[in-house]
Amino acid sequence: MLIDKNGIDNHNSSLQKAHNNRYACCNADIEHCESIVNKLKDFQIAIPSWALGTGGTRFGRFSGGGEPRNLEEKIEDIGLLHALNRSSGAISLHIPWDIPENPKHIKSLAAQYGLQFDAINSNTFQDQPGQPFSYKFGSLQNVNKAIRRQAIDHNIEVIRHGEALGSSALTVWLADGSCFPGQLNFREAFQNTLTSLQEIYQALPHDWKLFVEYKAFEPNFYSTTVGDWGQSYLYASKLGSKAYTLVDLGHHLPNANIEQIVALLLMEGKLGGFHFNDSKYGDDDLTTGSIKPYQLFLIFNELVEGMDARGMNHSKDLGWMIDASHNVKDPLEDLLQSVEAILIAYAQALLTDRKALEEARQTNDVVKAQEILQHAFRTDVRPLVAEARLRAGGALDPIGLFRKEKVRQQLIRSRGTTTVATGL
Ligand SMILES: [Mn+2]
């Protein structure tokens, strides 16, 4: 392990005094500070196996070196993140990019780092070497039954890989759609997709969930067969109680009110999971909280309120995952930033005065409602997040320690400068 307990302890003691002062101020100022810290400590965000290398665009890819060369090294990298922040205790695999050849070994390796296996992801948006049929014109929606069959079988195979690792959810994201008007019969594409999903659903173990992820556009530019939350909700409702909608922040049209979508899906018991990222224009896959931190807070505000209304466990009852790509940053530093941004938004949502907000709403006091939300958003909760990390055995300043220990340089030394991790 490139970062050990000793290193973390030394790092923390050098920062402890300043941190204690900051935390004491928060504790004096914020009601229920301790209970917020405990909830932060429990909150875990899964890291996808495809986000540990440098991401590319269709124009180019600029690797920073030291990328993980196989699944074992990806697990090591996530173990490193988890050691630093104690909030990245799960990994989400993408098949076939990361097929666990020896699941027992992979499962025990992950356990050594305190990692569990989160939702597992299928891939019918790319053709794989040796695959008999192409997904050029869609997978589960395809007009050709044999192509649908191939895509269904792939998803069932993914479920079996997940079972062997202890996952309990399958995420299906389909690139299916059309690029030009007239290309597809929308109803037929929907029906084919539904029938295919029904077959996959039948193959789910009894305690599994199926997440249906939607996306407004790209790679298809005229229609997407699971294009928005309404369409995803339609599939999830028709499939049954184990099927849920998955919200990916970057998969909406510009300015969509994602917090409202979240509120309604939670109300209907159909929100299954979340993919975090941020965007300025479209599915930019930027670091969570880097562009619209207020939106992230408003989403968490609805998540906390909606989950509490249904008596749900914040840390366990929804699937939380980062789904981003890093084309100019060190992927590990970027992931540390994303997790931090998520925890900050969550902490701010937890300190929102819900009783006062409800009173303001009942009296149509719009000014007061805004004041309450923005008071929470403008509160510096970073000392609470750091305190939660400290109590869980993590580092007070994860990126600071990552840099001080020259982790990337060590990874480059052991893995080389030309390694390319599988993924996007
Ligand atoms: Mn996603």
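Modeller: What follows is an account of helix H2 and its surroundings. This is a predicted model, in which local features need pLDDT of at least 70, side-chain atom pairs count only at pLDDT 80 or more, and totals for chains, interfaces and linings use all residues. Residues are numbered from 1 along each chain as its sequence is written.

Helix H2 spans residues 33-42 and packs against helix H13, residues 382-391. Helices here are DSSP runs of H or I with at least four residues, strands are runs of E with at least two, and both are numbered from the N terminus. Two packed helices are described by the angle between their axes and the distance between the axes. For H2 and H13 the angle is about 60° and the axes are 8 Å apart. The axes are lines fitted to C-alpha atoms, for helices over the stretch in contact, and angles run from 0 to 180 degrees between N-to-C directions. H2 and H13 are therefore oblique to each other. Angles under 35 degrees count as roughly parallel, over 145 as roughly antiparallel, 65 to 115 as roughly perpendicular, and the rest as oblique. H2 passes H13 in a right-handed crossing, meaning that the near helix is turned clockwise from the far one by less than a right angle.

On the H2 side, the contact is made by Cys33, Ile36, Val37, Leu40 and Lys41; they meet Leu384, Val385, Glu387, Ala388 and Arg391 in H13. Contact requires C-beta atoms, placed from the backbone, within 7 Å. By class, the contact of H2 with H13 has 7 nonpolar, no polar and 3 charged residues. Ala, Val, Leu, Ile, Met, Phe, Trp, Tyr, Cys and Pro count as nonpolar, Asp, Glu, Lys and Arg as charged, and the others, Gly among them, as polar.

Cys33, Ile36, Val37, Leu40 and Lys41 are also the buried residues of H2. They cover an arc of only 140° around the axis, which puts them on the same side of H2; the arc is that of the directions from the helix axis to the C-beta atoms. An α-helix has 3.6 residues a turn, so residues three or four places apart point the same way. On the other side of H2, Glu34 and Ser35 are exposed. Buried means 20 or more other C-beta atoms within 10 Å of the residue's own, exposed means 12 or fewer, and partly exposed lies in between, with C-beta atoms placed from the backbone. The cover over the buried residues of H2 includes helix H1 (5-29), helix H10 (331-350) and H13.

Technical notes. Contact = placed C-beta atoms within 7 Å.
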